[in-house]
Amino acid sequence: MQVQLSHPSRTIEIKGPKKAKDLFKELNLVVEAHLIIRGDELVTEDEMLYDQDQIEIRPVISGGT
Amino acid sequence: MIDLPRHNAAFCKGCFNVYVHDQVSRAIKSERMFGKDDRILVAVSGGKDSLALWDILLKMGYKADALYVNLGIGGYSDVSHAKVVKFSETVASPHGAVLHVHTVEQEAGAGIKELAMLIHRPTCSTCGTIKRYQFNRVALEHKYDVMATGHNLDDEAARLLGNVLRWQEEYLDKQSPSLPASLDGFAKKVKPLFRLSERELAAYSVLNRIDYIVEECPMAKGARTLLYKEVLNRLETESPGTKQAFYCGFLDKQRKPEVSPTTMAEKDQAMLHPCSVCQQPTTAEVCSYCKMMARAKTHSV
Ligand code: SF4
Ligand SMILES: [Zn+2]
Ligand SMILES: [Zn+2]
């Protein structure tokens, strides 16, 4: 599956099928700081992601001042 | 669907919106922020929090207009400005709401970066001064009752952590999500999103198709804030509810009058008396040490 990441913006290829939770672990990302978006739907931690999916992992934490 | 570990639940879009509005309504009531007749000015940046705030207040039936300050930071300002205008036209206008815009370049003749260089100040502190000033000016000129900002639970918990780590007690008083109008004519300042986490607000924006700017202001190098947020989110992942307990617990404590150390000592003394077995002070008839030893003896036989 194609996974789009930010900061810096890049796309990586990950082998599916895979639970969203495990994708976070594999990429060493904290759940509380990100959303997983598939199309225009949010994906929960327990959902399965498949090879044909286009996934965006969007960071939600901003630095401010 | 979105899962909210701190509430041990997953919500569909409809129920999640109810949850979000409910949290905002609790914040508004508990901190007495404003009523349905008050005119509110929301500071919007084009980011998720401020646009979500404007959206929520309008959908809850409040009279909320907004102010956007264009800082003149190249592409970032162009994109964020466009997102704010689009939201204003498609969502806010139908509710009868108005968008005010202040463009730094128009008045100062230069963008925020050049301006900061001219006066030898860091960009973000120059920016802060300008945004505060314009927010106040527009609120006074147009007679708004309250100024609202999109600060969320993560912002407030991170700021509290920073202040507590250095025991900057003088700042703690200013961390209330509702600051009264000051004598010199500044309007009241409120933070209606303080009960919602950053992740919840991003989810609200995605679920409600609010088109916000995901990238950050290129000047944002709040390394310290980010570090505090990261630490808090690690704790949150291990034990959901930590951020809320930390910040909302602080607010609860501030509301209650402090128990002075003397009365605490007096209270202790009033409750203590000698253990009937060993004479050491205890609040019970027999102290917990003697109870434990008594039990050990009965079991060893
Ligand atoms: S990061 Fe600095 S320059 Fe950018 S909006 Fe925030 S305060 Fe202003
Ligand atoms: Zn539901
Ligand atoms: Zn002045």
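So, the two domains of chain B: their centres, taken over C-alpha atoms, are 53 Å apart. Domain 1 covers 2–255 and domain 2 covers 264–300, with bounds that come from an automatic or database domain assignment.

Keep in mind that this is a predicted model, where local features need pLDDT of at least 70, side-chain atom pairs count only at pLDDT 80 or more, and totals for chains, interfaces and linings use all residues. Residues are numbered from 1 along each chain as its sequence is written, chains are lettered from A and ligands numbered from 1 in the order in which they are written, and side-chain values use heavy atoms, leaving out hydrogens and water.

On confidence: pLDDT is the predictor's score for each residue, from 0 to 100. Chain B averages 91, with 96% of its residues at 70 or above. For the complex, we get an ipTM of 0.92 and a pTM of 0.89.

Now the rings. Phe, Tyr and Trp rings (six-membered ring for Trp) pair if their centres lie within 6.5 Å; planes under 30 degrees apart are stacked, over 60 edge-to-face, the rest tilted. That gives six aromatic pairs over all chains. Take F194(B) and Y247(B): the ring centres are 6.0 Å apart and the planes at 75°, so this pair is edge-to-face. Both residues are buried, meaning under 20% relative accessible area with a 1.4 Å probe, protein chains only. Elsewhere, ring pairs link F11(B), F16(B) and Y19(B) into a cluster.

Last, charges over rings, meaning Lys NZ or Arg CZ within 6 Å of the ring centre and within 35 degrees of the ring normal. K36(B) has its charged end over the ring of Y62(B), 4.8 Å from the centre.

Notes. Buried < 20%, exposed > 50% of the residue type's maximum accessible area, 1.4 Å probe, protein only.
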